[in-house]
Amino acid sequence: MLIEDGSVSFFGVNLVVMAATCWGVSGLIMKAANTKQVFAFIVWSLLFAPFPLIALALALEGKEILYSLIEIDKRTIFSILFQAWPTTLLGYWIWNRLVVTYPLSTIAPLTLLVPVFGLFASWLFYQEPLGPIKIGSALLIISGLLIGLIKWDKRRSGKSMQPNAS
């Protein structure tokens with residue numbers, strides 16, 4: 001691993017890989033469901049998320065986690081509502097509209113922007129430092145996506161591949 005300043009852990013990287021796998025599977029499920037009511041589909045699917053999360057919290061933290069609900073403050077409530085409304089409902093609605101409208105092979109590369117936005121948000125909201133490796137990695141991802149967006153034409157004249165202007 002290139003980043004050894006303690007800001008990236010092996011466990012964290014594995015969680016990101018698992019999340020990416022689940023995101024891919026959810027895209028396949030959305031495609032297979034062939035629903036036209038994307039927002040309703042998301043709302044119904046989100047009703048199942050709290051149960052495994054509560055079970056995991058109880059397994060890892062014990063019953064003490066329930067006592068922490070008594071001390072909930074405005075910042076925590078804002079965080080919960082922010083995660084529930086704009087990031088989850090709106091974000092998944094927009095993404096799943098793309099999934100049902102376009103082929104997965106077309107929109108899948110856009111998922112590479114998630115860590116770029118995550119890095120930017122952590123810098124913006126939490127003042128986390130962005131070292132040269134992280135900035136370079138983000139620029140590499142963006143550059144790769146831009147190169148992938150170029151439509152390349154193979155010329156019959158044997159010339160090298162040129163970007164298509166259209």
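## Contacts around Ile 42

Two residues are in contact when they have heavy atoms within 4.5 Å of each other. In this predicted model, and leaving aside neighbours within four places in sequence, Ile 42 is in contact with Met 30, Leu 89, Tyr 92, Trp 93 and Asn 96.

## Basis of the description

Local features rest on a pLDDT of at least 70 and side-chain atom pairs count only at pLDDT 80 or more, while totals for chains, interfaces and linings use all residues of this predicted model. Residues are numbered from 1 along each chain as its sequence is written, and side-chain values use heavy atoms, with hydrogens and water left out.

## Overall architecture

The secondary structure of the protein consists of eight helices and two strands, where helices (H or I, at least four residues) and strands (E, at least two) are DSSP runs numbered from the N terminus. Along the sequence these elements are arranged as α-α-α-α-α-α-α-α-β-β. Among contacts between residues at least 6 apart in sequence, 54% join residues at least 24 apart.

The protein has 166 residues, of which 10% count as buried; buried means under 20% relative accessible area, exposed over 50%, and partly exposed in between, with a 1.4 Å probe and protein chains only.

## Helix geometry and positive phi angles

Helix 1 (residues 10–33) has 24 residues and reaches 35 Å from its first C-alpha to its last, close to the 34 Å expected, the expected span being 1.5 Å times one less than the number of residues. Helix 3, which covers residues 50–61, has 12 residues and reaches 16 Å between its first and last C-alpha, close to the expected 16 Å.

Helix 3 is followed by Gly 62, whose phi is positive, near 80°. Just after helix 1, Asn 34 likewise takes a positive phi, of about 50°, although Asn 34 is not a glycine. Asn 34 lies in the loop between helix 1 and helix 2 and is exposed, with a relative accessible area of 55%. Gln 127 also has a positive phi, of about 55°, without being a glycine; Gln 127 lies in the loop between helix 7 and helix 8 (132–149) and is exposed at 59% relative accessible area.

## The largest nonpolar core

A nonpolar core is a set of buried Ala, Val, Leu, Ile, Met, Phe, Trp, Tyr and Cys residues joined through side-chain atoms within 4.5 Å. The largest such core has seven residues, namely Met 30, Val 38, Ile 42, Leu 89, Trp 95, Val 99 and Ile 107. Helix 2 (38–46) and helix 5 (74–101) are the elements that give two or more residues to this core, and helix 5 gives the most, with three.

## Aromatic pairs

The structure holds three aromatic pairs; rings of Phe, Tyr and Trp (its six-membered ring) pair if their centres lie within 6.5 Å, with planes under 30 degrees apart counting as stacked, over 60 as edge-to-face and the rest as tilted. One of them is the edge-to-face pair of Trp 23 and Trp 95, at 5.4 Å centre to centre and 65° between the planes. This pair links distant parts of the chain, with Trp 23 in helix 1 and Trp 95 in helix 5, 72 residues apart. Trp 23 is partly exposed, with a relative accessible area of 27%, whereas Trp 95 is buried at 14%.

The rings of Phe 78 and Phe 82 have their centres 6.0 Å apart and their planes at 25°, so this pair is stacked. Phe 78 and Phe 82 are four residues apart in helix 5 and therefore separated by about one helical turn. Phe 78 counts as exposed at 58% relative accessibility, while Phe 82 is partly exposed, with a relative accessible area of 39%.

Thr 88 is located in helix 5 and counts as buried at 18% relative accessibility. The side chain of Thr 88 reaches the backbone oxygen of Gln 83 at 2.3 Å, a polar contact being a pair of N or O atoms within 3.5 Å in which, within protein, one must be able to donate a hydrogen and the other to accept it, and residues adjacent in sequence count only if both atoms are side-chain atoms. Not counting residues up to four places away in sequence, Thr 88 touches Leu 46, Gln 83 and Trp 93.

Ser 122 is found in helix 7 (residues 113–126) and, at 12% relative accessibility, counts as buried. Leaving aside neighbours within four places in sequence, Ser 122 is in contact with Gln 127 and Glu 128.
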